[in-house]
Amino acid sequence: MTEILKLTYGIYPKTEKLRIRIGRWGRGIMGAGELEELIAHETHEFQDSARKAGVTAFTDPLFNWYDIFRPLSVLAEGIELGPLTRYGETNTFYRLPEIRGDLALKKNPAVYGEIEDNPPLPLYHVDQGDDQLAFVPGPETFYHFCGNIKGESFEEFSKELGTYYKSVLSKFRFRKTFVFESVPLEHSGLSSFYSSIRPQDTILFTVGNLDGSILSSAGARFHSVVTKTADGNFSVAKEYSEIPGLALVNAHNTKLEDGKDLKTRLEAAAEKHGLDRLYLTHTNYLDFLPRQIADRKLDLIGKAGE
């Protein structure tokens, strides 16, 4: 029988209460300490809900992140925040991270503290148990969406980013890292990044066509490579990871998937590829959806395979 591991990741929709409080903090009406207490409380509620739903692995819901780059950029020497910029082909925006110097951690991300242009630290609020992952945007994604004022090559940038991430994550107790790549992997030489972030302890989320030669350049097999399709991409994901994954739950559509159909597709992929375990997750982080719909999709993922 196939074991379906249920995974959720990235920025999760905030409750209306939290949105209002962040707005008050932004206008100087509410203190940062009070806001941090609410973020911590709502994070722990999310954590409890994910476990009760049957989710196997999850990242922090990142309620204090405005976008996937901002807090990591603010914590880094060598990065300045540029203008608001559209994020890909979505209706969301982010502050452009402008790479102007060498990256270095300038503040402890694991303790409470106020930082510029972002709700307060800590960076992650979950309890960092065995079922939890640190979330970071991957080198391909960061390189694609940044302002490369410094003019670094991808390999130079990814090596520096990996070293910077290692210094950030050393302040936490996560055993595994979720590396989010929202653009296709196009550059080989991934070892420049994954010499700092161990592939064996990494769930790599990917889009586009997978190239085995690029994945092999990481220097070791990944814990998981997650892809959106069960065709040739999944064969490559299987070859270069211990437990491949499929992103089948649509993060941009409010329509709920059929649980039986998900189970059928997962079991078919497992049988075809001779697998006894695989991950199920969503196609992007769920902040593009209303909170109520995201909660229902999360519950759907948790019950998949039952």
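The chain exposes about 13,000 Å², and carbon and sulfur atoms supply 45% of that area (Shrake-Rupley method, 1.4 Å probe; for residues, only the protein chains shown count as cover). Keep in mind that this is a predicted model: local features need pLDDT of at least 70, side-chain atom pairs count only at pLDDT 80 or more, and totals for chains, interfaces and linings use all residues. Residues are numbered from 1 along each chain as its sequence is written, and side-chain values use heavy atoms, with hydrogens and water left out.

**Overall build**

- You get 10 helices and 12 strands in the chain, where helices (H or I, at least four residues) and strands (E, at least two) are DSSP runs numbered from the N terminus.
- The radius of gyration is 19 Å, which agrees with the value near 19 Å for a compact globule of 306 residues (taken over C-alpha atoms; the rule is 2.2 Å times the number of residues to the power 0.38).
- The C-alpha trace spans about 55 × 45 × 35 Å along its principal axes.
- Of the 306 residues, 56% count as buried (under 20% relative accessible area; exposed is over 50%, partly exposed in between, 1.4 Å probe, protein chains only).
- Take the contacts with a separation of 6 or more: 69% of them come from residues 24 or more positions apart (contact means heavy atoms within 4.5 Å).

**Charges**

- There are 36 positive and 43 negative side chains, and the centres of the two sets lie 4 Å apart.
- Lys and Arg count as positive, Asp and Glu as negative, with His and the chain ends not counted; each charge is placed at NZ of Lys, CZ of Arg, CG of Asp or CD of Glu.

- Most residues other than glycine have a negative phi, and most peptide bonds are trans.
- Leu-121 and Pro-122 are joined by a cis peptide bond, with omega about 15 degrees; Pro-122 sits in the loop between strand E6 (118-121) and strand E7 (132-137).
- Gln-128 is in the loop between E6 and E7 too; not a glycine, Gln-128 still has a positive phi of about 65 degrees, and at 14% relative accessible area it is buried.
- Leu-62, in the loop between strand E2 (57-59) and helix H3 (70-74), has a positive phi of about 60 degrees without being a glycine, and counts as buried at 0% relative accessibility.

**Around Pro-244**

- Pro-244 lies in the loop between helix H8 (232-239) and strand E11 (245-249) and is buried, at 0% relative accessible area.
- Leaving out residues up to four places away in sequence, Pro-244 touches several residues, among them Ser-224, Phe-234, Leu-275 and Tyr-279.
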